[in-house]
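The sequence and the coordinates are shown first.

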Amino acid sequence: MTGYTFTGSQKMRLSELPRPSPERLLKQVQAEESKRWGAKLKIFLGYAPGVGKSYRMLDEARRRHERGEDVVVGVVQGQQSEEVQALLRRLEIIPPFQTPEGEAIDLNAILGRAPQVCVIDPLAARNPSGSRHAYRWQDVQELLRNGISVLSSVNLLHVEEYKNKVQAITGKDTTQTIPKSFLLAADDIVIVDVPPDLCLWRQGEKLTSTGISNSQERQLSELRELALLLTAEVVDAQLESYVHAHGIEPVFGAHERFLLCLTPHSNAPAMIESGERNKERFQGELYTVYVCEPGRSKRDRVMIRKYFDAAQKAGAATEILESDDPISAIVEYAREKRITQIFIGHSTHNTWRDRVFGDPVLRLIREAEGIDVRVFPH
Amino acid sequence: MSADSSRGSLKVYLGYAAGVGKTFQMLADGQAAVQQRGNVVLAYFEPHSRPDTMAQAQALEAVPHRKVEYRGKIFEEMDTEAVLRRRPTIALVDELAHTNIPGSIRSKRWEDVQVLLDAGIEVWTTMNVQHIESLNDQVRQITGIQVRETVPDGIVRRAAEIVAVDVTPDALLNRLKRGAIYKPEMVEKALTGFFKGSNLGALRELTLRQAAHEVDLRQSAYDEMRGFRLPRVSEARASGTTHNQPKERILIHITPDPSTAMLIRRGRRVADYLHADCTALFVHQTPEFAQLPAEERQAVEKHLRFARSLQIATRIVGGSNGIAKAVVEFARRNQVTQIFVAHSVVGLLARLRGRNFTEDIVRLAQDLQVTVVADRSRGPGS
């Protein structure tokens, strides 16, 4: 399951790529993919120090080594527990350079040694000046380009897009980050999840084992939720590429996606507000469509533009569909986007004809198989 | 999350499939706990486990299993009474969703676990996401497979901790192909069934989101208890507006139809995420509920019991002027914000006669939100 094949619907996420140029990085990433000879990047994500990322990663390195893969260690974190040291004793280490500015992996030595797998821990580090690359994640890209698989680990704090959130919660800051796009582009990501009390215990605190029992655990729990959701997002992106690559039916269910169907006559503000709340509570995604039927007035278009502005502020993707059959257009769009819930306003039409044959809301309910339909009052 | 301090706390290792390493993780943590807190026992452990897991298990004190004969074969079950006599601080119990062999004192392992918790023993256990009752339909929608053994949400909800045990689908498939999960003759079946293609990715995502949601719920519980204020992930943007929002109230309409179970599960899930109140309503057209045909009455009672088991309040009212009308009136009287109904599939003739209940509700409740819940019982591509 490769994460490098960006598909149409993933383009949205590219807006979250780091400065300066998202397109350039994407091209670079795709170009690298073709030259990698099957080398894979696997990242172990943790929400805080002490969750056991390094242990999980090195334990995998040990198991691969024991199964006959050629594994070396390029660099590991400074402080190590006894368990981690025990694992390291069983692995070949290519010592990193020590400089006053910090450590840097010995890229030439690793490339010369040409192992199948190299352990690089942690992933987020700035290289000392004079190094070939400014950042360690660029070293990792070079290893991958040369057919060397990489096992690496990163802490949520060191993901650029999460740095401020983590800082707001814990007060900790860092200058060493990797872009989130790097995680989204990794072949594999694994979250190392432990309860906060265990994480604190590894840092020398007392075990409580009764859920969240103090404010420190409460903070960690917030980070933990963020890390779980970030991993879910990466998994979702991988799933989407897999589904596209294999041409199979989209998979519903794991992630809530809400579609607001707005018309100039719907109670759009209430629908948008509810959509936003649902999106946040479910940590889901929000989409808005307007189906443009021939013969709509200018006043209608002005209303829709206003509603779309509000929807975008609420974090929704907006799209105008053109069709003389609005319900079919909505259902088709909903399937493509793997929508789980469609929001629509009650019909204002009330003729006997509509009631029996064509009340659009009732038609939508009939046709939106497998998708919930939520009908809103005016 | 119970405030009752005499009750043992529960920790659940949650995975997305067999072989992700739940048991292994639990045993490894258990060994660490022996050093820290002592008095840890292995109360139940699958005897046919994988070699590396077996090695972990041997390092722990095990309470011998109870051997039960059933139809000429010997089965092993947890000996709950023996665990109670042993009185450990922590008991590790594999496979929470397991159904006991007929003739056991309790029919489900989660019931045995309740007994241990009530006795003040801390329990650590393992389960997969598909065993959570309220996710049953979603799992079926993803995999096309109906999971029979489920654990009520309330049991999981009362756990002090949920730990997500994660592994990549690639690694899991490698384990499967190496024969580390099932016996060789089972592997092919697994690869075309539960372990097929995108299933694993979708179940994995569901597990991660469920774990995040469980973490979020425990944060609210803590915050309410301590008056702790921290911007929550799930309220990150709307913190200004969210608190002024009137509380949502969800009304689930109960019928004798089997689709009601799905409706209840979906209503419960949405209510959980929206922090909404949730009530289930049955409307009878007979003068008295008791006058319903026995079969219908039993089906309704089953659904009402199911709703209550998910902590949903239940009500029964009479509605001689039509069910849809009674539901909508009840909703208005009780400040319901959202009515949940199942999508009733009927033919054209019934539609011409205006006999589609779902559509009646939508027409009558112009002033309310009506959520028509989709039939998720059909798997992908069917």
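Predicted model: local features only at pLDDT ≥ 70, side-chain atom pairs only at ≥ 80, totals over all residues.

The relative accessible area of R62(A) is 16%. Because the cut-off for a buried residue is under 20%, R62(A) counts as buried. The side chain of R62(A) is in polar contact with the side chain of D59(A), at 2.8 Å.

Leaving aside residues up to four places away in sequence, R62(A) touches L87(A), R90(A) and L91(A). One of these, R90(A), also belongs to a network of salt bridges that links D59(A), R62(A), R63(A), E66(A) and R90(A). A further reference point is V72(A): ten residues separate R62(A) and V72(A) in sequence, and their C-alpha atoms are 9.8 Å apart in space.

## Chain A as a whole

Chain A comprises 378 residues, of which 56% are buried. Its secondary structure consists of 15 helices and 13 strands. When contacts in chain A between residues at least 6 apart in sequence are considered, 73% of them join residues at least 24 apart.

In soluble globular proteins, nonpolar side chains tend to be buried together. The largest nonpolar core here has 73 residues, and the members that touch the most other members are Y47(A), L58(A), L143(A) and L183(A). The element that gives the most to this core is helix α10 of chain A (residues 215-246), which supplies eleven residues. Another core, of 64 residues, lies apart from it and includes L10(B), V41(B), V93(B) and V147(B).

Which residues does L143(A) touch, not counting those up to four places away in sequence? The list consists of I105(A), L107(A), I110(A), L111(A), C118(A), I120(A), I148(A) and V150(A).

## Salt bridges of helix α10

Over all chains, the structure holds 45 salt bridges. Several of the residues involved lie in helix α10 of chain A, including R218(A) and E222(A), which are four residues apart, about one turn of the helix. Their closest N and O atoms are 2.7 Å apart in a salt bridge, and both R218(A) and E222(A) are buried.

A second example is the salt bridge between D236(A) and R338(A), with an N to O distance of 3.5 Å. This pair links distant parts of the chain, 102 residues apart: D236(A) lies in helix α10 of chain A, while R338(A) lies in the loop between α13 (326-336) and β12 (341-345) of chain A. D236(A) and R338(A) are both buried.

## The contact between chain A and chain B

The size of an interface is often given as the accessible area lost when the parts come together. Between chain B and chain A, the buried area is about 7200 Å², with 53% of it given by carbon and sulfur atoms. The contact involves 79 residues from chain A and 78 residues from chain B. Between the two chains there are 25 residue pairs in polar contact, both residues being at pLDDT 80 or more. On the side of chain B that touches chain A, helix α9 (residues 197-226) of chain B gives the most, with 18 residues. By class, that side of chain B has 30 nonpolar, 19 polar and 29 charged residues.

Eight salt bridges are counted between chain B and chain A. Among them, D223(B) pairs with R218(A), the closest N and O atoms being 2.6 Å apart. Another salt bridge joins R224(A) and E161(B), whose closest N and O atoms are 3.0 Å apart. The R224(A)-E161(B) pair crosses between chains, from helix α10 of chain A to strand β8 (residues 161-164) of chain B. Are R224(A) and E161(B) buried or exposed? R224(A) counts as buried because its relative accessibility is 3%, and E161(B) counts as buried because its relative accessibility is 6%.

Methods. Residues numbered from 1 in each chain as written. Chains lettered and ligands numbered in written order. Heavy atoms only, no water. Core = buried A, V, L, I, M, F, W, Y, C linked by side-chain atoms within 4.5 Å. Buried < 20%, exposed > 50% of the residue type's maximum accessible area, 1.4 Å probe, protein only. Helix = DSSP H or I, 4+ residues; strand = E, 2+ residues; numbered from the N terminus. Contact = heavy atoms within 4.5 Å. Buried area = accessible area lost by both parts, 1.4 Å probe. Salt bridge = Lys/Arg side-chain N within 4 Å of Asp/Glu carboxyl O. Polar contact = N/O pair within 3.5 Å; in protein donor to acceptor, adjacent residues only side chain to side chain. Nonpolar A, V, L, I, M, F, W, Y, C, P; charged D, E, K, R; others polar.
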